[in-house]
Amino acid sequence: MRVVLQRVSKAKVTVDQEIVGQINRGFMLLVGITHEDTLKDADYLAEKIAGLRVFEDEAGKMNNSIMDVGGAILSVSQFTLYGDTRKGKRPNFMAAARPDVAEPLYAYFNEQLRSKGLIVETGKFGAMMDVALNNDGPVTLILESKV
């Protein structure tokens, strides 16, 4: 699994002019799933994200986690994170898991985050989505379950 994490002051996702997910302070997650990903990958990343210390403490140091600051998560499925652009001008998406594999694992990942007490909003899997966010910092990280 691959996640692009952005610390945000607010974020929302719209499908067909309707807001389907919206948060204030927290994380905007773009979540990509590949063929070999398992529940173990989702567990690993949910644990990592919940404990990641990228929010400032009273001294201005990044010492607080999203759980420490009461933040929320907006999680959006993003198969294009596994786009291969090494050849030609058109990305190859063969490394992205098919929807019948990716959607249940994406749902499981979000439930793992919720099980830690986090508020998790989502986009609509497979839909054309309009994502808007205010990156706070800016802080943007790429996390992978496989090293």
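Colleague: What is the relative accessible area of Lys-124?

Modeller: Lys-124 has a relative accessible area of 48%, and that makes the residue partly exposed. Buried means under 20% relative accessible area, exposed over 50%, and partly exposed in between, with a 1.4 Å probe and protein chains only. This is a predicted model, in which local features need pLDDT of at least 70 and side-chain atom pairs count only at pLDDT 80 or more, while totals for chains, interfaces and linings use all residues. Residues are numbered from 1 along each chain as its sequence is written, and side-chain values use heavy atoms, with hydrogens and water left out.

Colleague: Where is Lys-124 found, and which residues does Lys-124 touch?

Modeller: Lys-124 is in the loop between β7 and β8 (130–144); strands (E, at least two residues) and helices (H or I, at least four) are DSSP runs numbered from the N terminus. Leaving out residues up to four places away in sequence, Lys-124 touches Val-15, Val-20 and Met-129, where contact means heavy atoms within 4.5 Å. The C-alpha atoms of Lys-124 and Gly-21 are 8.7 Å apart, although 103 residues separate the two along the chain.

Colleague: Is Ser-75 buried or exposed?

Modeller: Ser-75 counts as buried, because its relative accessibility is 0%. Ser-75 belongs to strand β6. Its contacts, not counting residues up to four places away in sequence, include Tyr-106, Phe-109 and Asn-110. Those three residues are also among the buried ones of α3.

Colleague: How many residues does α3 have, and which of them are buried?

Modeller: An α-helix has 3.6 residues a turn, so residues three or four places apart point the same way. Helix α3 (residues 99–114) has 16 residues and reaches 22 Å from its first C-alpha to its last, close to the 22 Å expected; the expected span is 1.5 Å times one less than the number of residues. Its buried residues are Ala-102, Leu-105, Tyr-106, Phe-109, Asn-110, Gln-112 and Leu-113. Seen down the axis of α3, they fall within an arc of 155°, so they line one face of the helix. The arc is that of the directions from the helix axis to the C-beta atoms. The elements they pack against are β1 (2–15), β3 (26–32), α1 (39–51), β6 (72–77) and β7 (119–122).

Colleague: Which residues of α1 are buried, and which are exposed on the other side?

Modeller: Asp-41, Ala-42, Leu-45, Ala-46, Ile-49 and Ala-50 are the buried residues of α1. They lie within an arc of 155° seen down the axis of α1, so they line one face of the helix. On the other side, Lys-40 and Glu-47 are exposed. Among the elements that the buried residues of α1 pack against are α2 (66–69), α3 and β8.

Colleague: Which residues does the cis peptide bond join?

Modeller: The cis peptide bond joins Gly-137 and Pro-138, with omega about 0°. Pro-138 lies in strand β8.
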